[in-house]
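Hi,

Here is the structure I promised to pass on.

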Amino acid sequence: MNVGVMGCGNIAETYFRAQDYFNNINFIACSDINLEAAKKASIEHNVEALTIDEMLNSKNIDLILNLTIPQAHYEVSKKCLLSGKNVYSEKPMSVKFDQAKELVNLAKEKNLYIGNAPDTFLGGGGQLSREIIDKGEIGKILTGNFIFAFPGVQEFHPSPESWYQEGGGPVIDMGPYFFTTLVNLLGPAKNIRGRGVKFSDKREYKAGPNKGKLFDVEIPTSYMFNLEFVNETIIQGFISFDVQNHGRNHMELYGTHGSIIVPDPNMFGGPVSVSKELGSVWVNHSVEEKPLGKTNIENHSGRINEASKQSNYRGIGLSEMVDAIENKRQHRCNGNLALHVLDIIECAMISSIYKVEVDLRTNCEKPLPFQDYEIMKLLK
Ligand SMILES: NC(=O)c1ccc[n+]([C@@H]2O[C@H](COP(=O)([O-])OP(=O)(O)OC[C@H]3O[C@@H](n4cnc5c(N)ncnc54)[C@H](O)[C@@H]3O)[C@@H](O)[C@H]2O)c1
């Protein structure tokens with residue numbers, strides 16, 4: 001299956017690396033609204049640089065990987081589907097629920113596949129957490145919490161403005177990782193109560209040519225919420241661009257027979273920690289032996305989204321979707337899952353504006369566990 005990459009910015013390099021890991025991704029071309037960016041990527045990754053129209057009309061391309069900015073995801077994915085191409089997009093599926101719903105319906109109508117990041121829940125950490133929970137090792141999960149909090153992208157990004165305007169913000173940026181992980185572990189959600197707060201109207205650029213100058217903040221930058229799942233688990237969440245530092249675990253879930261610390265939903269590794277009774281030690285379960293858990297970044301790669309030591313297998317969702325297309329089955333990072341996650345995100349923001357609990361509009365299937373033998377078939 002021949003894949004074209006649309007959008008050659010920061011994350012593109014990570015995806016090009018996926019063809020070194022997975023055996024069914026064949027990148028043949030790239031494109032960008034900024035032709036210079038496409039040309040640069042084409043030289044670095046040995047693919048053809050095409051204009052947007054050339055990519056959409058190419059007879060050789062079966063699937064387009066949409067790595068454009070969130071505000072362009074809808075427009076780009078829609079054009080891909082209308083051109084008869086399967087599409088896999090970075091998160092979120094769109095910045096508006098109604099647009100994403102239209103995309104899911106359009107794909108169905110055209111008999112094409114639509115897939116979406118994040119795929120991190122397919123990693124060793126996400127899958128081992130799922131296995132422990134599914135086996136009932138900590139009983140029935142009733143409550144839990146998660147946190148993503150840092151000072152914001154202005155710390156390192158030269159053009160951070162879009163994160164602080166309509167269509168941006170912390171929930172739309174980081175919510176996909178946490179909500180997708182929760183749906184993988186607990187099933188679909190049913191309602192949400194949220195509160196949002198804006199710490200200041202202006203922020204300072206900390207990097208790039210505008211360093212030291214100020215830019216406008218138009219939307220809330222910290223959100224707290226309570227999310228109720230169909231299985232009646234209630235989860236408390238906090239996602240913020242206003243915190244200098246914190247010492248909490250990314251995600252903890254509490255069951256009737258114990259507790260679990262789920263590793264970073266933004267990455268693929270572990271360990272997964274479990275404690276079964278009051279005062280007992282936390283037992284760390286390594287995922288280094290799992291196919292998508294092993295640490296594969298040992299030294300700093302130079303990529304801003306990667307710490308020095310971690311597991312990053314972005315692209316497995318795309319590889320799994322290619323396999324699903326070839327074998328005519330449902331893929332795990334599918335449109336219904338991404339639409340449900342976007343529903344949670346949008347309802348969190350609606351809830352915080354109107355200060356009411358909001359019922360979600362969608363449901364979805366819990367993705368099937370991703371077995372090691374299935375992963376091994378996709379690995380090089
Ligand atoms: N950078 C990261 O660390 C990271 C990590 C995970 C996910 N993501 C997601 O990946 C996506 C891209 O992020 P990024 O950091 O690479 O952004 P970026 O701004 O660095 O790159 C986006 C690229 O898309 C191009 N583009 C914009 N609109 C377009 C259009 N209509 N048609 C064609 N090309 C267009 C831009 O010219 C740019 O080259 C986002 O959805 C983001 O949420 C980014």
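Before the notes, one term: contact means heavy atoms within 4.5 Å. This is a predicted model, so to speak of local features we need pLDDT of at least 70, side-chain atom pairs count only at pLDDT 80 or more, and totals for chains, interfaces and linings use all residues. Residues are numbered from 1 along each chain as its sequence is written, and side-chain values use heavy atoms, with hydrogens and water left out.

Where the two meet, 14 residues of domain 1 touch 18 of domain 2. About 1,300 Å² is buried there, 64% of it from carbon and sulfur atoms; buried area is the accessible area (1.4 Å probe) that two parts lose on being put together, summed over both. On the domain 1 side, Q71, K91 and F97 lose the most area, together 48% of what that side buries.

The rule finds 1 salt bridge across this interface, meaning a side-chain nitrogen of Lys or Arg within 4 Å of a carboxyl oxygen of Asp or Glu. K91 also forms a salt bridge with D173, with the closest N and O atoms 3.0 Å apart.

One more thing: in α4 (residues 70–82), Y74, S77, K78, L81 and L82 are among the residues listed as meeting α5 (residues 97–110). Helices here are DSSP runs (H or I, at least four residues), numbered from the N terminus.

Cheers

Conventions: Axes are lines fitted to C-alpha atoms, for helices over the stretch in contact, and angles run from 0 to 180 degrees between N-to-C directions. Helices (H or I, at least four residues) and strands (E, at least two) are DSSP runs, numbered from the N terminus.
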